[in-house]
Amino acid sequence: MSSPGLQGAPLPGVARLDVDRIRQDFPILHQEVNGHPLAYLDNAASYQRPRAVIDAISHYYEHDHANVHRGVHTLSHRATEAQEAGREAARRLINARERAEIIFTRGTTEAINLVAYALRESLRPGDEILVSQMEHHSNIVPWQLACQRTGARLNVVPVSQRGELCLDEFHRRLNARTRLVAMAHVSNALGTVNPVAEITAAARSRGIPVLLDGAQAIAHQKVDVQELGCDFYAFSGHKMCGPTGIGVLYGRRERLEAFPPFQGGGDMILSVSFDHTEFNELPYKFEAGTPDVAGAVGLAAAISYLEGIGLEAIAAHEGELLRHATQAVAALPGARIVGEAREKAGVLSFNLGSIHPHDLGTVLDHQGVAIRAGHHCAMPVMEFFGINGTARASFAFYNTHREVDQLVAGLEVARRMLA
Ligand code: 7TS
């Protein structure tokens, strides 16, 4: 899917964000770290939360908490409604057809594991799961586990030196043995936005289901699962201003209905005897046990917050920050940008000469700049680029150009100290 405005100039008609005002909503951003104003540039790992999300969770615990579904009393009804409002918000955000297609999970990782677990039933020796070389480990290892049990194998679509998916290789590798295509919508290590609509169209024309790992896309651009035509879409609350511990697996109804349950327990059943258990309808069939109701409340608040700002304006602002940071970092002596795809989201991975990324991260932290350093749980793509890891700055809509300057100034210090 192309992502207008992610890297180019602001789109005409897209309002500029009032970032100073937005930052007032985020209590955590207003602090000094090691004697410097905090520049939080580790958003690909986890976002910060606006007060609206924190307040919604507190309000829920102060007024409405009880266990869901099984209760006849008022608080239980309120908790059930709060949980379902979270589901409806997630449905609306990604334009799923119905709420039953929204399964709450602990996050992207659990969502992918749920699909991989279900697929074990039908995988046969010689079957293939098509992934890309730029996947996060959580979109590799669950498939490896499924393959180990079934004799199926991974088929890996390579990336180019720019960090783009080799599309002709994708088309060549999509074949009669492919049982699932599992791809990142946006790469966390490179920032690449994959052409997921084209991927999905090609797979679906052959009846092959597609799972998109949306962990890095969901807070950066408008996602419409019907338009994308994917069968599964996974994302995490904490990567979109919501709480940790909650995420979503979207699945097409017919795919989910064909799946066996993931975990057994309360809420996922209609009736249980020692001879026979009848499973609940969607989505509850996949939600065993007491759910993370506060998580669903926080997720709903996060979604409303993001919608209030507008995903187009978010994409445009992050695109400007990325362009600014890319130019400034690339101009530093010895800089190597890792991931130069034409379509990128707000992720800048780089190395500076032979300085170890961890050392860069430590020196930056001393100057109040939070970035991530390492392999970013994407070791195969690091290996492809012949490196152990990168320093990675990742941007959110509440980041400023001043913070980009602080990053670059910090890198200058690191270079003088360590080069
Ligand atoms: N997929 C992608 C593309 C990701 O970036 C991540 C987390 C996950 C899956 C897993 O998400 P979780 O919420 O279930 O943990 N990525 C990162 C990162 O880049 N740095 O820390 C976590």
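Helix axes here are lines fitted to C-alpha atoms over the stretch in contact, and angles run from 0 to 180 degrees between N-to-C directions. Helices (H or I, at least four residues) and strands (E, at least two) are DSSP runs, numbered from the N terminus. This is a predicted model, in which local features need pLDDT of at least 70 and side-chain atom pairs count only at pLDDT 80 or more, while totals for chains, interfaces and linings use all residues. Residues are numbered from 1 along each chain as its sequence is written, and side-chain values use heavy atoms, with hydrogens and water left out.

**Helix pairs**

- The axes of helix α12 (residues 357-366) and helix α14 (residues 401-418) come within 9 Å and cross at roughly 120°.
- α12 and α14 are therefore oblique to each other; angles under 35 degrees count as roughly parallel, over 145 as roughly antiparallel, 65 to 115 as roughly perpendicular and the rest as oblique.
- The crossing of α12 and α14 is right-handed; a crossing is right-handed if the near helix is turned clockwise from the far one by less than a right angle, and left-handed if anticlockwise.
- In this pair, α12 brings Asp359, Leu360, Val363 and Leu364, and α14 brings Leu407, Gly410, Leu411, Val413, Ala414, Met417 and Leu418 to the contact; contact means heavy atoms within 4.5 Å.
- Helix α11 (residues 311-330) also packs on α14, at an angle of about 20° with the axes 10 Å apart.
- That angle makes α11 roughly parallel to α14, and their crossing is right-handed.
- On the α11 side, Glu320, Leu321, His324, Ala325, Ala328 and Val329 meet His401, Val404, Asp405, Leu407, Val408 and Leu411 of α14.
- Helix α2 (residues 51-64) and α10 have axes 8 Å apart and pack at an angle of about 145°, again with a right-handed crossing.
- The contact between α2 and α10 includes Ala52, Val53 and Ala56 of α2, along with Val293, Ala294 and Val297 of α10.

**Domains**

- The chain is assigned domain 1 (19-43 + 311-418) and domain 2 (53-307); such bounds come from an automatic or database domain assignment.
- The C-alpha centres of domain 1 and domain 2 lie 28 Å apart.
- Where the domains meet, 31 residues of domain 1 are in contact with 30 residues of domain 2.

**Nonpolar cores**

- A nonpolar core is a set of buried Ala, Val, Leu, Ile, Met, Phe, Trp, Tyr and Cys residues joined through side-chain atoms within 4.5 Å; buried means under 20% relative accessible area, exposed over 50% and partly exposed in between (1.4 Å probe, protein chains only).
- In soluble globular proteins, nonpolar side chains tend to be buried together.
- The largest nonpolar core has 75 residues, and Ile94, Val181, Tyr233 and Phe397 have the most contacts inside it.
- Helix α10 (residues 293-309) gives the most to this core, with 9 residues.
- Both domain 1 and domain 2 supply at least three residues each to this core.
- Leaving out residues up to four places away in sequence, Tyr233 touches several residues, among them His185, Leu212, Val223 and Tyr250.
- A second, separate core of 29 residues includes Ala116, Ala146, Phe232 and Ala234.

- Leu180 sits in strand β7 (residues 178-184) and is buried, with a relative accessible area of 0%.
- Beyond its neighbours within four places in sequence, Leu180 is in contact with residues including Leu119, Trp143, Ile208 and Phe232.
- Arg149 is found in helix α5 (residues 141-150) and counts as exposed at 63% relative accessibility.
- Arg149 and Arg120 are 29 residues apart in sequence and 7.4 Å apart in space, C-alpha to C-alpha.

**Backbone details**

- Most residues other than glycine have a negative phi, and most peptide bonds are trans.
- The peptide bond from Leu282 to Pro283 is cis, with omega near 0°, and Pro283 lies in the loop between β12 (277-279) and α10.
- Asn34, in the loop between β1 (32-33) and β2 (36-37), has a positive phi of about 55° and counts as partly exposed at 44% relative accessibility.
- Asn95 has a positive phi of about 55° although it is not a glycine; Asn95 lies in the loop between α3 (74-94) and β4 (102-105) and is partly exposed, at 29% relative accessible area.
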